[in-house]
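Biologist: Let us go through the labels one by one. I will ask what stands behind each.

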Amino acid sequence: MILGEYLFWHYGLALRERLYSALSLLRTTANFLSILPLAKSILAPWHRIKDPYQRGFELGEFFWTLASNLVSRILGAIVRLFVIAAGLVVLALVAIWCALALAFWFLLPLLIPLTILVGALFILT
């Protein structure tokens with residue numbers, strides 16, 4: 001009776017809570033690392049550093065401003081790509097950790113009889 005209730009709780013209600021917690025941890029990690037906002041702003045200038053274009057047209061000034069803005073955008077893209085890559089590595093590690101925790105949760109009820117058996121064998125030998 002008690003064993004049946006425990007198994008129902010363990011593989012029913014508690015497992016649902018563990019799955020919800022794992023998904024919540026993955027969402028929180030992705031949100032904390034800002035992977036999606038960084039991907040959306042991949043070509044934005046670095047720290048919003050950009051030179052304004054001057055009124056009138058002066059060829060040298062135009063190309064200087066263009067080059068400066070391109071360097072700022074390329075630098076921003078490089079830094080964001082590295083941060084996104086690091087974030088994806090951390091997110092993959094968190095996903096692996098969650099999968100291992102869920103696998104352990106499935107095997108946890110087997111530890112009770114196993115520890116009783118090992119203890120009995122320890123006492124008898």
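Biologist: Why is serine 34 called partly exposed?

Modeller: Serine 34 has a relative accessibility of 30%. Buried means under 20% relative accessible area, exposed means over 50%, and partly exposed is what lies in between, with a 1.4 Å probe and protein chains only. The value of 30% falls in between, so serine 34 counts as partly exposed. This is a predicted model in which local features need pLDDT of at least 70 and side-chain atom pairs count only at pLDDT 80 or more, while totals for chains, interfaces and linings use all residues. Residues are numbered from 1 along each chain as its sequence is written, and side-chain values use heavy atoms, with hydrogens and water left out.

Biologist: Where does serine 34 lie, and what is its phi?

Modeller: Serine 34 sits in the loop between H1 and H2. Its phi is near 55 degrees, a positive value in a residue other than glycine. Helices here are DSSP runs of H or I with at least four residues, strands are runs of E with at least two, and both are numbered from the N terminus.

Biologist: Is threonine 29 buried or exposed, and how do you know?

Modeller: Threonine 29, in helix H1, has a relative accessible area of 12%. That value is under 20%, so threonine 29 is buried.

Biologist: What is threonine 29 in contact with?

Modeller: Contact means heavy atoms within 4.5 Å. Leaving aside neighbours within four places in sequence, threonine 29 is in contact with Val90, Leu91 and Val94. On the same terms, valine 94 is in contact with Leu25, Leu26 and Thr29.

Biologist: What makes a set of residues the largest nonpolar core, and which residues are in it?

Modeller: A nonpolar core is a set of buried Ala, Val, Leu, Ile, Met, Phe, Trp, Tyr and Cys residues joined through side-chain atoms within 4.5 Å. The largest one has 7 residues: Ala14, Leu15, Ala22, Val94, Cys98, Leu102 and Trp105.

Biologist: Is phenylalanine 106 buried or partly exposed, and why?

Modeller: Phenylalanine 106, in helix H3, has a relative accessible area of 41%. This lies between the 20% and 50% limits, so phenylalanine 106 is partly exposed.

Biologist: How confident is the predictor?

Modeller: The mean pLDDT, the predictor's confidence in each residue from 0 to 100, is 88 for the protein, and 94% of its residues reach 70 or more.
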